[in-house]
Amino acid sequence: MENVHVLAQRVAGRGEFLPLSAEFYRSNPIEQTHALVAQLQKTLELNKIINIFSIEAAKVLPFLSLQFHSTEGVVEMSGSKHIGQTVSFDLEVEDERLGQLIYFTKQPVTVTIKEQLQKLHSILLYPLRNALLFHRVKKLATKDSLTGLGNRSHFDDSLNRKLERCRRHHRSFGLMLLDLDNFKAVNDTHGHQVGDTILRRFADLLSFSVRGTDTIFRFGGDEFAILVDDDHHAVSNILAKRIQDAVHRDLLLKQHEVTTSIGFTLATSKDDHLQIFERADKALYKAKNNGRDCSFAF
């Protein structure tokens, strides 16, 4: 987003300069409030809310960047430039701290401008809180509670988006299915607490073994999946070997004689969700039949 430049006028009796549009806000508060609320209520995405709000805030204070810091991370307006002085505001609603807004500006920030911004912030509070709640609920709905990996719902959504990209851009990707050999025996003998520890350990090994562009999921039980962001079987082969080497070296998994079987395939532009999953599942079944603790590609 480009920096917004506005003219200024002297506020009588105070010796301060105020953007003309800020004076407009002061003389037309109801109309401006309704318009901004209507815009903010159109979305629950944090980045869109910050972008919408930045347009209105720039009418009060020309700035080069606007950031919102919260426990969910940092969101900033499009086209941000981190130069100039910073001025920050804590945002709270009903004794709940939402986070902090930080402006980067080369303009002097007077008491009057701060007052005008705080009025705008009061309009932002509830749409922002709704977006934060939505973001947190959405994150919980897509995460496996035991391992922190994506769950089956997240996998289905991610796979469909990958397939759509494959059809449109003719760029393939890999699907890898994994399960743990001898896991049921461990659960039956040592109980679910030990079983859960093994599942978390295996999830950590997967996270260390794959690349940052690959995505890992747990379906439930000892079933896992990886979407491999590459269109060559060789890459999936390398990842499969890396995973199995990590499992063989791990003392906990070695103690309980737990290994992993892996099946994988590459997507084609003609695939749908069921077709690619069925191929990967057949490859996993083949790996199991070949004696387990190995991988197979279809």
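**Why these names fit: a student's questions**

User: Which residues of helix α8 are called buried?

Analyst: The buried residues of α8 are Val235, Ser236, Leu239, Ala240, Ile243, Gln244, Ala246 and Val247. They span an arc of only 165 degrees around the axis, and therefore lie on the same side of α8. The arc is taken from the directions that run from the helix axis to the C-beta atoms. Lys241 and Arg249, on the other side of α8, are exposed. Buried means under 20% relative accessible area, exposed means over 50%, and partly exposed is in between (1.4 Å probe, protein chains only).

User: What kind of model is this, and how are residues numbered?

Analyst: This is a predicted model, where local features need pLDDT of at least 70 and side-chain atom pairs count only at pLDDT 80 or more, while totals for chains, interfaces and linings use all residues. Numbering starts from 1 along each chain as its sequence is written, and side-chain values use heavy atoms, with hydrogens and water left out.

User: What makes α8 a helix of the expected span?

Analyst: Compare two numbers. α8 (residues 233-249) has 17 residues and reaches 25 Å from its first C-alpha to its last. The expected span is 1.5 Å times one less than the number of residues. As for the name, helices (H or I, at least four residues) and strands (E, at least two) are DSSP runs, numbered from the N terminus. The protein chain has 10 helices and 11 strands.

User: What covers the buried residues of α8?

Analyst: The cover includes helices α7 (192-209) and α9 (251-255). Strands β7 (174-181), β9 (223-228), β10 (259-266) and β11 (295-297) are also among it.

User: How do you know where the buried residues of α7 sit around its axis?

Analyst: First, the list: Gly195, Ile198, Leu199, Phe202, Ala203, Leu205, Leu206 and Ser209 are the buried residues of α7. Their arc is only 160 degrees, so they are on the same side of α7. Gln193 and Phe208 are exposed on the other side of α7. This helix has 18 residues and reaches 25 Å, close to the expected 26 Å.

User: Why is β7 called mostly covered?

Analyst: Count its residues. Eight of the eight residues of β7 are buried.

User: How many bridges join β3 and β4?

Analyst: Strand β3 (residues 65-70) and strand β4 (residues 73-76) pair over four bridges, in the antiparallel sense. Ser70 stands opposite Gly73 in β4. The two strands form a hairpin, with two residues between them.

User: Why is Leu66 called buried?

Analyst: Leu66, in strand β3, has 0% relative accessibility, so it counts as buried. Contact means heavy atoms within 4.5 Å. Not counting residues up to four places away, Leu66 touches residues including Phe53, Val75, Leu101 and Tyr103.

User: Is Phe134 buried, exposed or partly exposed?

Analyst: Phe134 lies in helix α4. Its relative accessible area is 39%, so it is partly exposed.

User: What makes a set of residues a nonpolar core, and how many residues has the largest one?

Analyst: A nonpolar core is a set of buried Ala, Val, Leu, Ile, Met, Phe, Trp, Tyr and Cys residues joined through side-chain atoms within 4.5 Å. The largest has 31 residues, and Phe53, Leu101 and Tyr103 have the most contacts inside it. Helix α4 gives the largest share, nine residues. Another core, of 28 residues, lies apart from it; Leu149, Met176, Val210 and Phe264 are among its members.

User: How many residues does the chain have, and what share is buried?

Analyst: The chain has 298 residues, and 45% of them count as buried.

Methods: Pairing = 2+ DSSP bridges.
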